Amino acid sequence: AKRSADDLRSPICCILGHVDTGKTKLLDCIRRTNVQEGEAGGITQQIGATYFPRENIIERTKDVRTKVEMKVPGLLVIDTPGHESFTNLRSRGSGLCDIAILVVDIMHGLEPQTIESLNLLKMRHTPFVVALNKVDRLYSWKSCPNAPITNAFEKQSRDVMNEFDRRLNQIITQIKEQGLNSELYYKNPDRRKYVSIVPTSAISGEGVPDLLMLLVTLTQQMMESKLMYISEVQCTVLEVKVVEGLGTTIDVILVNGVLHEGDQIVVCGMQGPIVTTIRALLTPHPMKEIRVKGQYLHHKELKAAQGIKLTAQGLEHAIAGTQLHVVGPDDDLEDIKEEAMED
Ligand code: GTP
Ligand code: MG
Ligand code: NA
């Protein structure tokens, strides 16, 4: 297959961090949704996925000073739970992504699941940025809704900036104790050697434009060849779910390739390989969370990267976390069944 810089897929970005640092709220801020308030106990318990099209990202980053031309078609963002009991879901999310956002609460610094997440990222050599969230909680912070962070800093008193610097330096030291150098993103001397820190507020939106711009910049500059679209299907099952009116569905992340309605697929099942046919290919609307009940868009085919809900017969015993395989015209079904069960 021909690969080119003119045909990039959307980067996949995973949000990781300790419980209640504001991962879902940051996504709500970008989506202009209220997913977090609908969660039981305010706790995320599943992996989520949201697609941000290029136009929306351009809109949200228009005031950032250091802009780059956006060559990727959009961003696919995976939300993960921070509660300690969901290590498997953090591992699944981090295993899928090209880049990650590690969210740290500026009032708390590094916490146990921050460090656990950091170790997952180090282990897989996944590039990441730190969102230093909840800056609006600094005493007497002056709100500057959705402003780039440097603009918001210019509006703060000396006292606020002193408290910010003190907390930032403590957190840089804590990250150093984990073996990594880090620096505010706009002071970063070398993005390959220092982790970039972006101060944010998920409530008032300061720093969110910077965070989006940084993700686009880093993915385009550091992993262009990894993002060149290839036709070979790479697809992971995130969740197996019964949906009213649809029956058993699976939520998948299509990392590369295309899926079509009618494709014959093989998924790993609890009682052996499941061979079935894609009946419907569904996505939520752009900027909507796949794990939230809502309207689905129907597609004849979908190209990576995308979060997709698909329906097919016999998915009841599919196993989350395994690979979905497509049976092509030249493929041997028995080989693929064997491959599917190796997960
Ligand atoms: P889990 O998914 O359960 O790990 O939590 P999370 O990291 O997704 O955090 P969540 O979005 O659930 O936010 C936790 C709490 O912090 C909620 O009450 C949010 O309203 C609050 N919160 C999140 N971000 C901010 C922020 O930037 N500023 C302030 N003041 N509160 C925030
Ligand atoms: Mg959450
Ligand atoms: Na939470």
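This is a guided tour of the structure, one selection at a time.

The model is predicted, so local features need pLDDT of at least 70 and side-chain atom pairs count only at pLDDT 80 or more, while totals for chains, interfaces and linings use all residues. Residues are numbered from 1 along each chain as its sequence is written, and chains are lettered from A and ligands numbered from 1 in the order in which they are written.

**The ligand**

Begin by selecting ligand 1 together with its surroundings, a shell of 23 residues whose closest members are G22, T24, K25, T44 and G82; a residue is near a molecule or strand if its C-beta atom, placed from the backbone, lies within 6 Å of it. The shell divides into six nonpolar, 11 polar and six charged residues, where Ala, Val, Leu, Ile, Met, Phe, Trp, Tyr, Cys and Pro count as nonpolar, Asp, Glu, Lys and Arg as charged, and the others, Gly among them, as polar. Helix α1 (residues 23–31) gives the most to this shell, with three residues; here helices (H or I, at least four residues) and strands (E, at least two) are DSSP runs, numbered from the N terminus.

**The seven-stranded sheet**

Next, select the open sheet of seven strands, which has the order β2-β3-β1-β4-β5-β7-β6 and mixed pairing; two strands pair if DSSP finds at least two bridges between them. At the edges stand β2 and β6 (181–184), each with a single partner strand, so one side of each is left without a neighbour in the sheet. From one strand to the next, the twist averages 25°. Angles run from 0 to 180 degrees between N-to-C directions, and axes are lines fitted to C-alpha atoms, for helices over the stretch in contact.

Strand β2 runs antiparallel to strand β3 (residues 74–79), and six bridges join the two. To see this pairing, select F52, which stands opposite L75 in β3, and then Y51, whose bridge partner in β3 is L76.

Now keep β3 in view and ask which of its residues are buried on each side. On one side they are G74, L76 and I78, and on the other L75, V77 and D79, so that both faces are covered. Because six of the six residues of β3 are buried, the strand is largely enclosed by the rest of the structure. Strand β3 is also joined to β1 by four bridges, with the two running parallel, and I12 stands opposite L76 in β3.

Select helix α6 (residues 158–177), which lies across β4, β5, β6 and β7 and runs at about 155° to β6. Two residues are in contact if their C-beta atoms, placed from the backbone, lie within 7 Å.

Then show helix α3 (residues 87–96) with helix α4 (residues 112–123), which pack at an angle of about 35° with their axes 10 Å apart. In their contact, T87, R90, S91 and S94 in α3 meet E116, S117, L120 and L121 in α4, and these residues divide into two nonpolar, four polar and two charged.

**The three-stranded sheet**

Select next the open sheet of three strands, with the order β12-β11-β17 and antiparallel pairing. Its edges are β12 (274–277) and β17 (324–326), each with a single partner strand, so one side of each is left without a neighbour in the sheet. Between β12 and strand β11 (residues 264–267) there are four bridges, and V267 has I274 in β12 as its bridge partner. Helix α8 (residues 333–341) lies across β11, β12 and β17, running at about 35° to β11.

**Backbone details**

Finish in the loops, selecting A305 between β15 (301–303) and β16 (306–311), where the peptide bond from A304 to A305 is cis, with omega near -5°. N146 has a positive phi of about 60° although it is not a glycine, and this residue counts as partly exposed because it has 16 C-beta neighbours inside 10 Å.

Key. A residue is buried if 20 or more other C-beta atoms lie within 10 Å of its own, exposed if 12 or fewer, and partly exposed in between; C-beta atoms are placed from the backbone.
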